[in-house]
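Open the model in your viewer and keep the sequence panel beside it. The stops below say what to select and what is there.

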Amino acid sequence: MEYWRRLSLSLLLAVPIGAVTHSVAADTDAGKSKAEACAACHGDKGVSTTENTPSLASQPDQFLQWQLVFFRSGARKSEVMGPIAEQLSNDDVRDLGAYFASLKAADPTTAKGADDHPDLTDAGKKAAAVGHCASCHGDNYAGSKAVARIAGQREDYLLKALHDYKAGVRSGGGVAAMAEVAYPLSDQDIAALAHYLARL
């Protein structure tokens with residue numbers, strides 16, 4: 001009951017952010033300045049080089065805002081992000097979302113190198129089709145609105161996120177849909193999906 005109360009509260013807290021975007025424009029320049037502290041973990045220009053830490057470059061604006069609100073309210077748990085997000089104002093959330101959304105995603109051909117496991121890539125492509133990943137994340141897996149970009153995301157982070165959804169330890173937005181998708185996946189399926197998506 002406490003979880004659902006906090007989730008409902010976080011949704012209410014998120015409404016003003018999205019609802020006033022027409023009257024309160026996000027400032028990407030301010031977002032760039034505010035994001036300087038994020039680079040230590042999420043990388044220069046939002047491309048992570050840190051294990052199990054996601055790249056934020058080119059993530060949809062609304063998705064980024066929602067995740068920051070979930071962290072801020074405690075609906076999504078993180079020992080690292082929780083204390084940081086607690087300090088963010090609605091303007092900070094808007095500005096950071098706009099800034100990271102404006103950045104170019106990492107080029108997987110240069111960032112990941114040659115595909116060392118093409119068989120795993122093929123298996124991941126099939127698993128993505130069976131799981132209907134494109135129905136939410138888009139045909140190119142770039143995400144949209146409040147749905148994450150998973151194309152080109154760090155492989156280790158995708159692996160961790162899918163295992164967390166399967167185990168029911170990931171909280172925040174989209175949990176029910178992702179848990180339903182992840183629960184039937186085998187460890188081999190998860191490894192294949194992570195490998196495939198990271199190289200898109």
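Start inside: the largest cavity holds about 90 Å³ of space. A cavity here is a set of points, on a 1 Å grid over the protein atoms alone, where a 1.4 Å probe fits but cannot get out. Points are joined across faces, edges and corners, and the volume is the space filled by probe spheres set on them. The structure holds one cavity of 30 Å³ or more.

This is a predicted model: local features need pLDDT of at least 70, side-chain atom pairs count only at pLDDT 80 or more, and totals for chains, interfaces and linings use all residues. Residues are numbered from 1 along each chain as its sequence is written, and side-chain values use heavy atoms, with hydrogens and water left out.

**Stop 1: the cavity lining.** Select V47, S55, A57, Q59, A105, A106, R149, A151, G152 and Q153. These residues line the largest cavity; a lining residue has an atom within 4 Å of a cavity point. Colour them by class: five are nonpolar, four polar and one charged. In this scheme Ala, Val, Leu, Ile, Met, Phe, Trp, Tyr, Cys and Pro are nonpolar, Asp, Glu, Lys and Arg are charged, and the others, Gly among them, are polar.

**Stop 2: the whole fold.** Switch to cartoon. Of the 200 residues, 40% count as buried. Buried means under 20% relative accessible area, exposed over 50%, and partly exposed in between (1.4 Å probe, protein chains only).

Stop 3: G131 and L193 are 10.0 Å apart in space but 62 residues apart in sequence. H132 counts as exposed because its relative accessibility is 56%.

**Stop 4: Y141 and its partner.** Move on to the loop between α9 and α10, where Y141 lies. Phi of Y141 is near 60°, again positive in a residue other than glycine. Is Y141 buried or exposed? Y141 is buried, at 8% relative accessibility. Next, show the aromatic rings. There are three aromatic pairs. Rings of Phe, Tyr and Trp (its six-membered ring) pair if their centres lie within 6.5 Å; planes under 30 degrees apart are stacked, over 60 edge-to-face and the rest tilted. Y141 and Y196 have ring centres 6.3 Å apart and planes at 85°, so they pair edge-to-face. Y196 sits in helix α12 (residues 187-198), so the pair ties together parts 55 residues apart in sequence.

**Stop 5: a charge over a ring.** Select K166 and Y183. The charged end of K166 sits over the ring of Y183, 5.4 Å from its centre. The rule needs NZ of Lys or CZ of Arg within 6 Å of the ring centre and within 35 degrees of the ring normal.

**Stop 6: the cysteines.** How many disulfides are there? The search of the whole structure finds zero. A disulfide needs two cysteine sulfur atoms within 2.5 Å. For C41, the nearest cysteine sulfur is that of C38, 8.7 Å away. C41 is partly exposed, at 36%. Finish on C133. Its sulfur is 8.8 Å from the closest cysteine sulfur, in C136, too far for a bond. C133 is buried, at 13%.

Conventions
1 Å grid on protein atoms, 1.4 Å probe; cavity = no way out; pocket = protein on both sides within 12 Å on 5 of 7 lines; lining within 4 Å. Helix = DSSP H or I, 4+ residues; strand = E, 2+ residues; numbered from the N terminus.
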